[in-house]
Amino acid sequence: MIRTAPVLALAAVLALAACATPESRIRVALTDAGLPKQTASCMADRMVDKLSVGQLIKLQRISKATDKGLRNLTLREFGDLVRRAGDPEILAITTRAGLSCAVLGG
């Protein structure tokens, strides 16, 4: 017989993990692209509810196309990378998040 409490606890843990995953994936994609960790965290927090799964995948592809080991990217350089990806909605979302973080010091 399956005990209900452990099953519910496991379901709650999995649900919480699923909720945290998109933001952490965005943060990792942004840092992999070369943005400083503080900036990436700030932007991921603002972008998490605005990107679709497909857009998240595109963002991860953008991050893999950079020379991340060489230097940190500026927001402007990152914006240029996103612009070249050809998705105006991702560009708008990342631009708004980047400007907000720059103004607020995030």
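Among the contacts in the protein chain with a separation of 6 or more, 64% are between residues 24 or more positions apart. The model is predicted, and its protein chain has five helices and zero strands. Read from the N terminus, the order of elements is α-α-α-α-α. Of the 106 residues, 31% count as buried. The chain exposes about 6900 Å², of which carbon and sulfur atoms supply 60%.

The mean pLDDT is 77, and 74% of the residues reach 70 or more. Helix H2, residues 37-47, has the highest confidence, at a mean of 91, whereas helix H1, residues 4-33, has the lowest, at 64. Over residues 7-17 the pLDDT stays under 50. For this stretch the model has one contact beyond four places in sequence.

The packing of helices H4 and H5 was examined in the model. Helix H4 spans residues 75-85 and helix H5 spans residues 88-104. Their axes come within 9 Å and cross at roughly 170°. Angles over 145 degrees count as roughly antiparallel, and H4 and H5 are therefore roughly antiparallel to each other. On the H4 side, the contact involves Leu75, Phe78, Gly79, Val82 and Arg83; these residues meet Ile90, Leu91, Thr94, Gly98 and Ala102 in H5. By class, the contact of H4 with H5 has six nonpolar residues, three polar residues and one charged residue.

Methods:
Residues numbered from 1 in each chain as written. Predicted model: local features only at pLDDT ≥ 70, side-chain atom pairs only at ≥ 80, totals over all residues. Heavy atoms only, no water. Axes fitted to C-alpha atoms, helices over the stretch in contact; angles between N-to-C directions. Helix = DSSP H or I, 4+ residues; strand = E, 2+ residues; numbered from the N terminus. Parallel < 35°, antiparallel > 145°, perpendicular 65-115°, else oblique. Contact = heavy atoms within 4.5 Å. Nonpolar A, V, L, I, M, F, W, Y, C, P; charged D, E, K, R; others polar. Buried < 20%, exposed > 50% of the residue type's maximum accessible area, 1.4 Å probe, protein only. Areas by Shrake-Rupley, 256 points an atom, 1.4 Å probe, with all protein chains shown as cover. pLDDT = per-residue confidence, 0-100.
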